[in-house]
Amino acid sequence: MEAYINGYSSISPQNSFTEEMFLQEPRDYNGVRFLKCVEPQYTGLLDPMAARRMSRIIKMGVTAAMRCLKNAGLEKPGAIITGTGMGCVEDTGRFLSSIYENEEKLLNPTPFIQSTHNTVAATIALMLKCNGYNSTYGHRGFSFETALLDALMLLAEGEADEILAGALDELTPDLFTITDRLGFWKKEPVNNLRLGEYKTHGSIAGEGVAFLALSRNKTEKSVAAITSVRTLFNPEGFDEVEELLKNQAKPNLVILGINGDNEGDRLYQKLRSGIFSNIPALYYKHLCGEYDTSTAFATTLAARIIKDQHVPEIMKTDDHHYGTINNILIYNHLRNRDHSSIVVSSC
Amino acid sequence: MEQLVQKLKEEIITVLNLSEMKPENIDEKAPLFIDGLGLDSIDALELTVLLEKKYGLKINTPEEGKKVLYSVNSLAQFIRENNKG
Amino acid sequence: MSGKVYITGTGIISSTGQNCKEVLDSLLSSRSGIGNLTLIDSVHKDEIPVAEVKASNELLKQLAGVPHRETWSRTSLLGLIAVREALASSGFTDSPGIRKGIISATTVGGMDRTERFYKHFRKNNCHGRLRDVITHDMGDSTEKIAGACGIKDIVTTISTACSSSANSILLGSRLISSGILDMVVAGGADSLTLFTLNGFNSLMILDKRGCKPFDDDRNGLTLGEGAGYLVLESEQSVERSGRKALAVVSGYGNACDAFHQTASSPDGDGAFLSMKKALTRAQLDPSEINYINAHGTGTRNNDLSEGRAIERLFASSVPPFSSTKAYTGHTLGAAGGIEAVFSVMAITEKCIWPSLHFSRPMNELKFVPEGNLIRNANVRNVLSNSFGFGGNNTSLIFTGI
């Protein structure tokens, strides 16, 4: 099963939405413990009436989706599939707060309506009047991967010829505080672009939205293809992880979910001294931070690398030589429980 | 009445987050729903909450709601007629 | 590859019973699970009826076989109980090389614990027990259940509001049919929470008298909780063990209404499309459907929209239909799974479940739901609808063997 990528778009803590060359001039955040998205000016991109109720994540999601479709020259996809680890956190928190503030009386319904995980997928469909297949996956580090798998299956089944697939996660102050208390993040403020250098516990929090326009058949807009998506839940040992990655198409380079956490990153180091020892490795979470659906952003980066046949300096971890890039293997794990691989290939 | 109409316009803009609108853009005679401002059923609920929270007035049936929330004027009239003070 | 999708097991827990036998008994006795809110402390306690699973979290832990000291949300306990029953009833035995998956669904996740956390957290963000917030996300219950049942190959969660677990069954069927998996546990779970109770109340779509689906006097839904799962297997998987299947998933379809964030289109476009897709996949003519288990929440909007869609599709030959939500309440993310179990039971028991609390036909429709239980019915093909916020419409068709 495979799919051609005809367009992509992302809103991230980098200038990925507005600048074509954003990786050449990456945003350097000093003394931070989390990264927030660089949002575009929505005037001109979103109709104010349509956007009147939209929370931040919905605005970002819809905007990135529309830009992705525009890039792909696609007016209306045959299906819309999204993934989100934590869903619409801001509206969930807002409604929860209002329950207690108002003692369960006279509550505004809007944040409740918009707290459901499929709000973005539904809003996109509403704006496009798209009656096609519509689904949303909410499963931690597999949210985007399942959305992709579903898209690949749907294309193979012939249910749709073109699919908009993407993922989104937002960081709110409350979510940061709670995950901080859970010990996910570095205690000391760091510089994001040097994330790989700190050998301390924890990562930096992030957020982002990324969409891909996929098709069953190659078109003139096709820049790359997704040729494999795999997930591995709660492996018992390192050999299971190796097994997941070993039999994939011989990658010219790998993009790893290195996130600066010394314990979690050990796994990537082991792979780099093992089955990936002769393969150049890139990383990306210094650009976007750690969040459940970061692999969606990584996939857009992989598509870009294949399209441009150019590896951005800022993503490199070593001095390997790069020839023609035909296959990129993205491997990520979320707290050593949700492991996934995505292969992006030339087409 | 005019003061109330003005205040209502401001409150509608705030509660419904019509961030690009100003009170002078809203025609108090024009329908709020479907035509005119083009509000929907969720906005109707939000306005119902506003009515009860700020003015202590309840809308009891959907039919009553349709009449009261027809326009800014009808809303203002409802408040004036039922004002307890 | 397009293999048949066999249903070999069912598992359920709802306000009407803690397992398939009890739930079936309630169905046959027309016994609704709707009553007073007892397990959550809410100001609406005495005004809003709900359909609670009649068990505290402590009892659910015992039923689920979960050690007392472990942290489980109510949703995940409900889910595990139903999944365990489904697996046991299927007779499935593992063996090397068999690829297994769990596709679960929820809309509430661990919110029952999160809202307890938030009560304290909002006053001081150093407060609130972390144990109450680590089960919040949708994937938590699925991973807990997957871990308890030893399922690893594909583990994922769908969250599309009230169509969630129907979508689980839809995806599960496709994973079997395409040969990606040999066995899938598919369905969903949701528990009652202050969040959803107040959420639906703020939308003013809760009927304080209890729901009356498809009744002209209906005024809203009644919230419920529970879990419902099917065990789906490939033909090979069933044959190698010589077991008998209960039914097959013969059709499925998902479409987006794309009309409004919460309301359904007046003519039920999304519903019409999802039902049509399901029929096409099942290669069935509308006239071959013997029973429709409708989404039928009891809201003025849904029942009219769904009713119109049924009328458009079936014209003058609307088969016997009912909504079972007057039994179980609207179990949100679990509804599709629970009603899939009811649909399979309708086939195996040869029954048409009644639409409880129905008395006045809707003016707008030319047909009425079945008000009484029908036994010894010819029930071979059952269509089950689940429609969620955001216009997410899913229809499943189950066929007897």
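Trainee: Among contacts in chain C between residues at least 6 apart in sequence, what share joins residues at least 24 apart?
Mentor: That share is 79%. Please keep in mind that this is a predicted model.

Trainee: How many helices and strands does chain C have?
Mentor: Its secondary structure comes to twelve helices and ten strands.

Trainee: What radius of gyration does chain C have, against that of a compact globule?
Mentor: Chain C has 20 Å. A compact globule of 401 residues would have a value near 21 Å, so the two agree. The C-alpha atoms of chain C fill a box of roughly 60 × 55 × 40 Å along the principal axes.

Trainee: And what percentage of chain C is buried?
Mentor: Buried residues account for 67% of its 401 residues.

Trainee: Turning to helix α3 of chain C, how many of its residues are buried?
Mentor: In α3(C), 15 of the 17 residues are buried, so the helix is largely enclosed by the rest of the structure.

Trainee: How far apart are the end C-alpha atoms of that helix?
Mentor: They are 25 Å apart. Helix α3 of chain C covers residues 74-90, and at 1.5 Å a residue it should span 24 Å, which agrees.

Trainee: What comes just after α3(C)?
Mentor: G91(C) does, and this residue takes a positive phi of about 75 degrees.

Notes: Residues numbered from 1 in each chain as written. Chains lettered and ligands numbered in written order. Predicted model: local features only at pLDDT ≥ 70, side-chain atom pairs only at ≥ 80, totals over all residues. Helix = DSSP H or I, 4+ residues; strand = E, 2+ residues; numbered from the N terminus. Expected span 1.5 Å × (residues − 1). Buried ≥ 20, exposed ≤ 12 C-beta atoms within 10 Å, placed from the backbone. Rg over C-alpha atoms; globule rule 2.2 N^0.38 Å. Contact = placed C-beta atoms within 7 Å.
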